[in-house]
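This briefing walks through one protein chain, topic by topic, for a reader who is new to structural description. Please keep the sequence and the 3D view at hand while reading.

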Amino acid sequence: MMNFIAGSAIFLSLTAFFCMVRAIRGPENADRIIAINVVCTKIILIITFVSFLLEESFFIDVAMTYALISFLASIIISKTIGSGEEDL
């Protein structure tokens, strides 16, 4: 079971890298926002998997804090782009 979780974490890291490429290249701002949200979600999953692998519960707190910060950042960026300010 631990090998499966470690493999899943490696696979998520690889796909997060491809999402970062999409965030950099993305033809429009909406594509970039979605790619960054997907990367943040994958990072939260990776932190949770590491927590399970190392049997340390404080990583769950780190993942929850990261999720809250990610949510607030995506709201702020969406409002900024929606209001017409393109100075990001």
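Accessible areas come from the Shrake-Rupley method with a 1.4 Å probe. By that method, the accessible surface of the chain comes to about 6300 Å², and carbon and sulfur atoms account for 71% of it. The model is a predicted one, and the points below should be read with that in mind.

**The chain as a whole**

- The chain contains three helices and zero strands, and its elements, read from the N terminus on, follow the order α-α-α.
- Along its principal axes, the C-alpha trace of the chain spans about 50 × 25 × 15 Å.
- The chain has 88 residues, of which 26% count as buried, where buried means under 20% relative accessible area.
- When contacts between residues at least 6 apart in sequence are considered, 46% of them join residues that are at least 24 apart.

**Helices α1 and α2**

- Helix α1 covers residues 2–25 and helix α2 covers residues 29–54, and their axes come within 9 Å and cross at roughly 160°.
- Angles over 145 degrees count as roughly antiparallel, and α1 and α2 are therefore roughly antiparallel to each other.
- The crossing of α1 and α2 is left-handed, and the contact of α1 with α2 is made up, by class, of 19 nonpolar, three polar and four charged residues.

**Helices α2 and α3**

- The axes of α2 and α3 also come within 9 Å, and they cross at roughly 175°, which makes α2 roughly antiparallel to α3.
- On the α2 side, the residues that meet α3 include Ile-33, Cys-40, Ile-44, Ile-47 and Leu-54, while on the α3 side Phe-59, Val-62, Tyr-66, Ser-70 and Ile-77 are among them.
- Divided by class, the residues in the contact of α2 with α3 are 15 nonpolar and seven polar, with no charged residues.

**Glu-55, in a loop**

- Glu-55 lies in the loop between α2 and α3, the latter being the helix of residues 58–82.
- Most residues other than glycine have a negative phi.
- Glu-55, however, has a positive phi of about 55° although it is not a glycine.
- Is Glu-55 buried or exposed? Its relative accessible area is 65%, and Glu-55 therefore counts as exposed, given that the cut-off for exposed is over 50%.

**Phe-71, in helix α3**

- Phe-71 lies in helix α3, and because its relative accessible area is 52%, Phe-71 is exposed.
- How many residues apart along the chain are Phe-71 and Val-21? They are 50 residues apart along the chain, and their C-alpha atoms are separated by 21 Å.

Conventions:
Residues numbered from 1 in each chain as written. Predicted model: local features only at pLDDT ≥ 70, side-chain atom pairs only at ≥ 80, totals over all residues. Heavy atoms only, no water. Axes fitted to C-alpha atoms, helices over the stretch in contact; angles between N-to-C directions. Helix = DSSP H or I, 4+ residues; strand = E, 2+ residues; numbered from the N terminus. Parallel < 35°, antiparallel > 145°, perpendicular 65-115°, else oblique. Left-handed = near helix turned anticlockwise from the far one by under 90°. Nonpolar A, V, L, I, M, F, W, Y, C, P; charged D, E, K, R; others polar. Buried < 20%, exposed > 50% of the residue type's maximum accessible area, 1.4 Å probe, protein only. Contact = heavy atoms within 4.5 Å.
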